[in-house]
Amino acid sequence: MKRRQTDSTKRIRRTGLYFMAFTLLALLASWNTADNMLYIITGGFMSFLVMSWGLCGWALRRLDVTREAPEAVHRGEELVIPLRVTNASRFLPAVSVRVESAAHPGASAGYAVKIPQRGTVMFQLKEVFDKRGVHRLPDIDLVTAFPFGLIESRRRFETRAEIVVYPRVSALRTGRLEQLGAGMPAARSSRGEGDEFFSLREYAIGDDIRHIAWRASARLGTLLVKEWELDRSRYVILALESQRCTHMADFEDRFEEAVDLIASLAVTLVNRQYKVAVVTSSTWVSFGEGPAARDERA
């Protein structure tokens with residue numbers, strides 16, 4: 001997955017602020033007393049601060065991030081994204097590296113005590129999308145406070161990857177389907193002229209000879225004719241009113257629930273070999289069947 005690495009940023013941690021306060025006190029004490037030992041202690045404190053600022057984040061410069069994610073997920077479903085952090089350095093390991101998602105700043109999604117040189121560490125990031133549509137995957141931050149924990153360095157890895165979030169789909173029972181349309185039964189298969197096989201029967205005068213099952217007739221010694229399902233018995237149109245209701249305070253939540261129900265009905269019917277179309281105030285999804293139609297209607 002393509003990603004773009006941005007420049008690192010640094011900030012002083014709370015422990016660093018305490019350390020700077022002690023350094024300032026030591027500096028004031030050395031000025032007031034002119035004690036050489038206090039000057040040496042103050043110089044040591046300042047050296048720690050300078051080294052922390054210079055070394056912090058050095059290991060992040062050679063780190064690379066790769067992650068993999070599916071193209072689509074259902075709303076509210078927990079998505080686990082494998083993440084690989086690779087250290088391209090030939091000599092130095094990366095120590096004390098924390099992984100964060102830009103969508104949840106400050107929350108650690110993984111921690112590695114050490115990433116060896118030319119080594120890789122695997123993490124698993126979890127994301128949940130509560131809204132349908134096309135969403136951009138959040139950026140990844142690598143954070144470290146090595147070596148002394150006084151300064152924190154952060155490097156962001158931006159990605160342009162997108163994921164499609166489908167409505168939440170639930171399994172529906174047949175009994176519920178039969179109650180659709182104000183108690184009217186759902187469409188059932190019936191015999192007639194169609195394109196799907198229904199059964200075999202004996203040949204009768206007037207039957208189309210193109211429908212004769214020659215192999216079965218030869219095996220049983222009598223003419224048998226194929227019967228087909230009526231096409232109209234396998235078509236279902238689901239309608240959804242998509243116009244926004246301004247007087248309804250919780251319209252967004254109810255609309256998402258309605259979309260989830262329509263998607264669940266469409267997927268269930270398609271799985272039962274129905275041809276399903278979905279119509280809204282502005283969109284028409286034509287009749288289809290099979291896995292491709294199921295994904296399109298979800």
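Trainee: Let's start with one residue in this predicted model. Why does Arg-210 count as exposed?

Mentor: Its relative accessibility is 69%.

Trainee: Where does Arg-210 sit, and how far is it from Lys-226 in space?

Mentor: Arg-210 belongs to the loop between β14 (196-202) and α4 (214-220). From C-alpha to C-alpha, 9.2 Å separates Arg-210 from Lys-226, and the two are 16 residues apart in sequence.

Trainee: Now for Ser-101. What makes it buried?

Mentor: The relative accessible area of Ser-101 is 4%, and buried means under 20%, so the label follows. Ser-101 has its place in strand β6.

Trainee: What makes the link between the side chains of Ser-101 and Glu-127 a polar contact?

Mentor: The distance is 3.0 Å, and the cut-off for such a pair of N or O atoms is 3.5 Å, so the pair falls within it. Leaving aside neighbours within four places in sequence, Ser-101 is in contact with Glu-127, Pro-138 and Asp-139.

Trainee: On to charges. How do you know that Glu-256 and Arg-75 form a salt bridge?

Mentor: Their side chains come to 3.7 Å, N to O. The limit is 4 Å between a side-chain nitrogen of Lys or Arg and a carboxyl oxygen of Asp or Glu, so this pair qualifies. The bridge ties distant parts of the chain together: Glu-256 is in helix α5 (residues 251-271) and Arg-75 is in the loop between β4 (72-74) and β5 (78-87), 181 residues apart.

Trainee: Are these two partners buried or exposed?

Mentor: Glu-256 has 14% relative accessibility, and Arg-75 has a relative accessible area of 11%. Buried means under 20%, so Glu-256 is buried, and so is Arg-75.

Trainee: What makes Asp-260 and Arg-75 a salt bridge?

Mentor: The N to O distance between these side chains is 2.3 Å; with the limit at 4 Å, they count. This bridge also spans distant parts of the chain, with Asp-260 in helix α5 and Arg-75 in the loop between β4 and β5, 185 residues apart. Asp-260 and Arg-75 are both buried.

Trainee: How do you know that Arg-132 is bridged to Glu-256?

Mentor: Their side chains meet at 2.9 Å, N to O, and that is within the 4 Å limit. Arg-132 is in the loop between β8 (120-128) and β9 (133-136), while Glu-256 is in helix α5, 124 residues apart.

Trainee: Why is Arg-132 called partly exposed?

Mentor: Its relative accessible area is 30%. Buried is under 20% and exposed is over 50%, so Arg-132, at 30%, lands in between.

Trainee: Let's look at the nonpolar groups. What makes up the nonpolar surface patch?

Mentor: Its members are Ile-12, Leu-17, Tyr-18, Met-20, Phe-22, Leu-24, Leu-25, Leu-28, Trp-31, Tyr-39 and Trp-53, and the patch covers about 1200 Å². Members of a patch need over 30% relative accessible area and no salt bridge. Helices α1 (14-33) and α2 (36-55) are the elements that each give two or more residues. The largest share, eight residues, comes from α1, and Leu-24 lies in that helix.

Trainee: Which residues have the most contacts inside the largest nonpolar core?

Mentor: They are Leu-63, Leu-83, Val-85, Ile-115, Phe-123 and Leu-142, in a core of 24 residues. The elements giving two or more residues are β3 (63-67), β5, β6 (94-101), β7 (108-115), β8, β10 (140-144) and β12 (162-166). The most come from β5, with four residues. Another core, of 15 residues, lies apart from it and includes Leu-172, Leu-240, Phe-255 and Val-259.

Trainee: What does Leu-83 touch, leaving aside its neighbours within four places in sequence?

Mentor: Its contacts are Val-65, Thr-66, Arg-67, Val-99, Val-121, Met-122, Phe-123, Leu-125 and Ile-140.

Trainee: And how many helices and strands does the chain have?

Mentor: There are six helices and 18 strands. Of its 298 residues, 34% count as buried.

Definitions and conventions:
Residues numbered from 1 in each chain as written. Predicted model: local features only at pLDDT ≥ 70, side-chain atom pairs only at ≥ 80, totals over all residues. Heavy atoms only, no water. Buried < 20%, exposed > 50% of the residue type's maximum accessible area, 1.4 Å probe, protein only. Patch = residues over 30% accessible without salt bridge, like charges linked within 9 Å, V, L, I, M, F, W, Y side chains within 5 Å. Areas by Shrake-Rupley, 256 points an atom, 1.4 Å probe, with all protein chains shown as cover. Core = buried A, V, L, I, M, F, W, Y, C linked by side-chain atoms within 4.5 Å. Contact = heavy atoms within 4.5 Å. Polar contact = N/O pair within 3.5 Å; in protein donor to acceptor, adjacent residues only side chain to side chain.
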